[in-house]
Amino acid sequence: MSVHILGIESSCDETSAAVLIDGQIISNNTVNQDVHAKYGGVVPELASRAHMANIVPVVHDALHTAGLLPANLDAVAVTQGPGLLGALMVGMSYAKGFAMSLGIPLLTVHHMHAHVLAHFIDKPVPRFPFLCLTVSGGHTQIVIVKDYLDMQVLGETIDDAAGEAYDKTAKMFGIPYPGGPLIDRFAQQGNENAYHFPEPRVPGYDFSFSGLKTSILYFLQKMTATDQDFVSKNKHDLCASVQKTINDILIKKLKLAARATGISEIAIAGGVSANSGLRKKLSEEGEKNGWNTYIPKFAYCTDNAAMIAVSGYYKYLKNDFATLNAKPLARMPE
Ligand code: KG4
Ligand code: ZN
């Protein structure tokens, strides 16, 4: 019998719905929220309101594109956390109402696990166990993925996430939110060796990005003291140099983890895995070190409901259903 799953994602500033039939994504409909751009970051209250306005048409369009009616669904999968509480509440309340009215099960999904499982949307898929560098706006982790629902965090950031480092640096450069994609675009015309920023000394597989942010701030203060237009004149080189520093920090720890675990199936996931410099560097390191590398399609790097639907599918196969009193969790244990 076919399994039809509706996936819903609303943990931050993307409202997304996807339909999956027997493990295959049939539709994935994501609406971004432009309302945050002028504030330089996501405003939680505005995110909740936008999800409220978007969720019904987003789900409707996902079902319509898939050629399904609600009555055709077998389960609803939704992001439970981590994320913005008010934003999660919109998706979860909607998903619960949907599941309850249809008399079908609810599947609750861990957002960071879903980023990892985005690798099972399309082929080729990584073989277990694999290492995944999961880099987003809120998280930076190296995870050993032993099975679809069995993951162990080896290391994570002790302060800012990699995406946050991109977004906060962009703000200092006068680049609007979300800064990561624009830094990536400007970096392509810059010299990545133009400026040198120190890398943090953090033991093991953990990361730190707050020192980098401070060193960029001091550097900009020094340079703009004598030339007010320093940033605009050197934007491309600045972006390329910052991007190189962040990617070097990420790849160094990934290499360390690969060496220590002996695992050579290596993946990247999350919004920052859309970064062209990181994608290129991972491929190069893969060739040098004999790794099989896995890089998600752009549509499955940043937040999307396809990854929620696919994660829900693996839970469905294990009868791992949620009860209707499940709560959204701003912080969610692994
Ligand atoms: O996974 P995601 O969509 O949301 C969270 O779960 O946080 O990640 C969003 C983050 C933002 O910080 C954004 O600036 C960053 O991913 N990002 C990028 C790129 N595209 C998105 N960072 C660097 N280069 C990119 N091309
Ligand atoms: Zn995410």
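Colleague: How far is an oxygen atom of ligand 1 from a polar backbone atom of Gly 271?
Modeller: Bear in mind that this is a predicted model: local features need pLDDT of at least 70, side-chain atom pairs count only at pLDDT 80 or more, and totals for chains, interfaces and linings use all residues. Residues are numbered from 1 along each chain as its sequence is written, chains are lettered from A and ligands numbered from 1 in the order in which they are written, and side-chain values use heavy atoms, leaving out hydrogens and water. A polar contact with a ligand is a pair of N or O atoms within 3.5 Å. For Gly 271 the distance is 3.0 Å.

Colleague: Which residue has a polar backbone atom 2.8 Å from an oxygen atom of ligand 1?
Modeller: His 115 reaches ligand 1 with its side chain, placing a polar atom 3.1 Å from an oxygen. The backbone atom at 2.8 Å belongs to Gly 137.

Colleague: Which protein residues are donors of the zinc ion (ligand 2)?
Modeller: Donors are N, O and S atoms within 2.8 Å of the metal (3.2 Å for Na, K and Ca), and sites may look incomplete because water is not among the atoms. The protein donors here lie 2.0 to 2.1 Å from the zinc ion, and their spacing in sequence reads H-x3-H-x187-D. They are His 111, His 115 and Asp 303.

Colleague: How many residues apart are His 115 and Asp 303?
Modeller: Both residues are buried, with under 20% relative accessible area for a 1.4 Å probe, counting protein chains only. His 115 sits in helix H3, while Asp 303 is in the loop between E10 and helix H10. Here helices (H or I, at least four residues) and strands (E, at least two) are DSSP runs numbered from the N terminus.

Colleague: Which strands stand at the edges of the five-stranded open sheet?
Modeller: Its order is E8-E7-E6-E9-E10, with mixed pairing; two strands pair if DSSP finds at least two bridges between them.

Colleague: At about what angle to E6 does helix H8 run?
Modeller: Helix H8 lies across E6, E7, E8 and E9. Angles run from 0 to 180 degrees between N-to-C directions, using axes fitted to C-alpha atoms, for helices over the stretch in contact (heavy atoms within 4.5 Å). Relative to E6, the helix runs at about 160°.

Note on methods
Buried means under 20% relative accessible area, exposed over 50%, partly exposed in between (1.4 Å probe, protein chains only). A polar contact is a pair of N or O atoms within 3.5 Å; within protein, one must be able to donate a hydrogen and the other to accept it, and residues adjacent in sequence count only if both atoms are side-chain atoms.
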